[in-house]
Amino acid sequence: MADTILALDAGPVPRPRSQMVATGFAVAGFAMMMAGALGWYMALRHASVSPGHDWIPDGVAVPNPQFDYALLTLVVSVITAHWAVYASRRGERGHTWLAIAVTIVMGLGFINMVIFSMNRMEIEIGSGQWQNLAFAITGLALALVVIGLFYLGLMALRSLGGSMGRDGTAPLSAAVFFWDFVVIAWTATWYAIYVVK
Amino acid sequence: MVGIASRYFAGRVALAFVAAVLLGLSTGIDADGNVAMFGTIVLGTAAVSFALLAGLALSVGDGDSTDRERLHRHPATPAYWPAMSAIGLGVLMVGLVIDGALTILGVAILLVAAVEWTIHAWSDQLSSDAVANEAARDRLLAPFEIPLYGGLAIAVPVFLGSRVLLAVSRNGASWIAVAASTVVILFAFLLYMKPDLRKPIVATGLLLGGLAVIAGGIIGAVAGERDFEQHHEELHPVADEGEGDTEGESHESSLAAPVVIR
Amino acid sequence: MSETTSDTADMSTTTVTTEDPTPFGWLNTADHKRVGRLFIVTSLMMLALGVLLDALVRLDLTDDADHVLLDGSSFAQVFAWSRESLVLLFLIPIFLGVAMYIVPLQVGATNLAFPRAATASFWTWLVSGGVLIGAYLGNGGPYGGWSDGVDLHLLALGGLVLALLMGAINVATTILTHRSRGMFLDRSSPFAWSMLVTASMLVVSLPVLFGQLAILYVDHRYGRVFLGGNGGIWERIDWIYEAPQLFIYTVPVLGIVAEVVLGSLRKKVFEPLAMYFTIGLVGLFGFGAWANFSITNEGTDLADGFEGIVLVGMYGGATVGILGLLALIGFAAFQSRKNLPKPTAALLAAFGAGQLMLLAAIYGLVGAGVDWLEIVGRGNDGNPYLRDTTWVTGQQSVLIYGAAFLGIVSALHWWAPKIWGRSLDNMMGMLSFLLVAVGATLATVGPAIAGAFAETPDFVYADANATSLYSDWVDASSGPGMAWLGLIGILVAGAGMIVLKVNLLISIVLKKGTEADANPWNGIAPEWMLDSPPALGPLSELRDLDSGMPLLDAALEAEDVDEEVTV
């Protein structure tokens, strides 16, 4: 009987992970940023509400349906973002681009809806404690959305340059991971400021 | 194998979670059941963040990554975009406080730097040949860079120079223009006479000249324009429409005014 | 003399030279070594500003009845500026700079994970630092009279935090994803591990400040509705300049202590996992300074008591961690007692840095314990908490002027051959060590005694004037004298750092220092396998390292082979 040495085929080379790890660190940092802001908001709210004072000024009506639609748009954009990653991993350039474009359009629509809702409340920055806090924290969350959109756009450029397939999708995956976090950050902001009130 | 980093981060998750729960239960929940205290919310988020880092450390494993090999095959090439983005951020910071136009300028600088940086990073991955990568990058970006930077290279010195000339007196502006053009001619003459002049000297001369224009422009812009004489209408009565004979009278100066040849 | 030829592998350090060798190359560099040098040199220059400002503050405290050079409002400004300069313009960036240079060499990478991001982090830090200084000079800052300047100060702080976090994430990602195949983290260099701990703790602590800065900026710029004007700003951001947060910034000192001492002894600790655990413990227990309940008016007796016991636990944990590390290293030294190395400036400074870190932890434990007893009613009633007195300044002094300064003296003396290719003068290094050690001791003892026994207030948020004129406090008799002690201390420690800078100038810039070979210390870490310094640009060869002490492993292996041959 001939001695044969059986060797297993080498497994696939691990995907590059630097960008995902760095994005993960950035997500952790931004999460703490939102926690710092929202935590302070809740503490101030508690200090006002627990002795029996009002928190939201009289006459301020929070447009709940608009904020709900905005949140829904953002949640759906998570699906389209992941669709982009799925298509990119399979090398489907057209679907990747379509999915990213839809995600970005939804993000822009979200920003538009939030700004519209803020205008509808007819609150003025500098006119009160709640107003300043609402503007500051909503602004932070919107800034995260803008950064997320920008990140998606830049990684879309790289996909355009051919960065697709199992290995090449790593940058886009990192951008979508960040987008997932952005949606969670907005959800927390929306809940704390516009639902709990 | 669960590496030491994953275990360390997991330990932090446990501690932060326990601390958040203890703090929340003792002081941090209001009557409606909402988490009300700063410390509880931040500790809870910290637990989640540590869990994320633990997951990342676990997914990366220990020493099995190809990242360093990839970076070694495609080394990062030098670029000015990081410094440019820092300048953009600085301009944005000052603009948010001082002037909205600077804010827009800062954002524009950041946008351009970000796009350039991304394309630069993309081109580094194309091949191991830095020259070929740079050619690919130039092919993609040159149609945008040349008009943009060329336009800025003309517009910015012109704008800054105009601030200087508008800030000083009329005679002063003339003298500055004469002096500046003399310096340029002398420098050009020097380059012609000494073609072997060392590059650092030329670069230093250009840099100093550029800095002088920038500094002068900023100072001029801050100082503001000089007062201009206003030509009043009483000194130069306007001829009524329809009047033909204008002998002895002068017309209001205007580009649209009829030219009278006597 | 050990077999250096077999220890020091001939590692090619030819590099892929795409770097611009002219001065413009510093602007557009993608070489981690250049960025590291930029951070180190610039931070050392910024240190002078921080020490000078702190000296002005302490000088003003030497007279309890009148101001010396400053007045009430400028005292507050200079106080805040000194803290921000010492921490954000010196302490964090200088360790980041050392890490950016050394860590890739230690883990077997050819560069940082994101080389251009490292360059961006330096220039962003520099630009933001310039904006911060400009804001203060224009009467901005947290107590400034120029409203736009106050806003500019807040934005500059945000820029600084962003820049430092970018650098920290870069270093952490390099350690996690760019290590040599087979180099498990618990076999990596202690300095690399300490930087991973520091970077990850910075990522989860500094951004909390960012969120607060956003609210502070909006409120101050638009109406100042609920913060009470400028007065509300400093009390909400000063936690990043105080212990226990300072412990996070000084964790790299522990890594440096382990590197230098174990490298000099050419020894491993008997339980390496314990070493990583103890370093991690210190970083862990530095977390939580933001949870300063008084700033969010969340005070209840229960919260106060909870906070008190938590602080005791945190400082206790840090003390255990540092004690454990020093014990491990001390045991390694004991095992090598028959072959102890000659004392060098790097070794002495490392030894001193470790002791002062321990002192800082015990100091914090004592302070937290006394305060907790006060809270639960078992202390002397009516006394102010130690944390409201200059006891806090004493702890800052031992961490910054003591542990951090000595850590930097040690690090630069140890790694100067690798960073600049020349050794620093050892005698000047010894002088640095002596001055810093003495100065830090005085700078700590003065405020400690003034706080504990004279109850000198540290800083009164509502009325800065009350801090600098404290004759109304319980017992101010020894306050001025202790303030003089503190002032002399920081000036002496500052002189020690000036000696270090002069040493760098003479040895490196003027090239009077001995040209170093690849391994002048006969060190054991991976960076000593490369040329001193490695040439410009990323390394051309990937090195396969399976531990953070490959030269020691090779020597031990050679010894085993010799023994086998002999047998």
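**Entry 1**

I began with a definition: helices and strands are DSSP runs, a helix having at least four residues and a strand at least two, and they are numbered from the N terminus. With that settled, I counted the elements of chain C and recorded 18 helices and zero strands. I note that I am working with a predicted model.

I next looked up how much of chain C is buried. Chain C has 567 residues, and 65% of them are buried. I also looked at contacts in chain C with a separation of 6 or more, and 84% of these join residues 24 or more positions apart.

**Entry 2. Helix 6 and helix 7 of chain C**

I asked how helix 6 and helix 7 of chain C are oriented to each other. Their axes come within 8 Å and cross at roughly 155°. An angle over 145 degrees counts as roughly antiparallel, and helix 6 and helix 7 of chain C are therefore roughly antiparallel to each other. I recorded the crossing of these two helices as left-handed. By class, the residues of their contact are 24 nonpolar, three polar and two charged.

**Entry 3. Helix 4 and helix 7 of chain C**

I then turned to helix 4 of chain C, which covers residues 72-107. Helix 4 packs against helix 7 of chain C at an angle of about 125°, and the two axes are 9 Å apart. Helix 4 and helix 7 of chain C are therefore oblique to each other. The crossing of helix 4 with helix 7 of chain C is left-handed.

Which residues meet here, in helix 4 and in helix 7 of chain C? From helix 4 I listed C:Ala99, C:Ile102, C:Val103, C:Gln106 and C:Val107. From helix 7 I listed C:Phe191, C:Ala192 and C:Met195. I sorted the residues of this contact by class and found seven nonpolar, one polar and no charged.

**Entry 4. Cis peptide bonds in chain C**

I looked up two cis peptide bonds, beginning with the bond from C:Ala243 to C:Pro244, which has omega near 0°. C:Pro244 is in the loop between helix 8 (231-237) and helix 9 (245-249) of chain C. The bond from C:Ser532 to C:Pro533 is also cis, with omega near -10°. I placed C:Pro533 in the loop between helix 17 (479-509) and helix 18 (550-566) of chain C.

**Entry 5. Positive phi in chain C**

I looked at C:Arg224, whose phi is near 45°, a positive value in a residue other than glycine. C:Arg224 lies in the loop between helix 7 and helix 8 of chain C. Is C:Arg224 buried or partly exposed? A buried residue needs 20 or more other C-beta atoms within 10 Å of its own.

C:Arg266 is another residue other than glycine with a positive phi, here near 55°. I found C:Arg266 in the loop between helix 10 (251-265) and helix 11 of chain C. C:Arg266 has 21 C-beta neighbours inside 10 Å and so counts as buried.

**Entry 6. Chain B**

I counted the elements of chain B and found eight helices and zero strands. Along the sequence the pattern reads α-α-α-α-α-α-α-α. Of the 262 residues in chain B, 28% are buried. Among contacts in chain B with a separation of 6 or more, 51% involve residues 24 or more positions apart.

**Entry 7. Chain C against chain B**

How many residues does each chain give to the contact of chain C with chain B? I recorded 56 residues from chain C and 49 residues from chain B. On the side of chain C, the elements that give two or more residues include helix 5 (115-137), helix 6 (147-177) and helix 7 (190-221). Also among them are helix 2 (25-28), helix 11 (272-284) and helix 12 (301-335) of chain C. The residues on this side of chain C divide into 30 nonpolar, 17 polar and nine charged.

**Entry 8. Chain A against chain B**

Last, I looked up the contact of chain A with chain B, where 27 residues of chain A touch 25 residues of chain B. On the side of chain A, helix 1 (18-49) and helix 4 (129-160) each supply at least two residues. Helix 1 of chain A gives the largest share, 16 residues. By class, I recorded 17 nonpolar, eight polar and two charged residues on this side of chain A.

Conventions: Residues numbered from 1 in each chain as written. Chains lettered and ligands numbered in written order. Predicted model: local features only at pLDDT ≥ 70, side-chain atom pairs only at ≥ 80, totals over all residues. Contact = placed C-beta atoms within 7 Å. Nonpolar A, V, L, I, M, F, W, Y, C, P; charged D, E, K, R; others polar. Axes fitted to C-alpha atoms, helices over the stretch in contact; angles between N-to-C directions. Parallel < 35°, antiparallel > 145°, perpendicular 65-115°, else oblique. Left-handed = near helix turned anticlockwise from the far one by under 90°. Buried ≥ 20, exposed ≤ 12 C-beta atoms within 10 Å, placed from the backbone.
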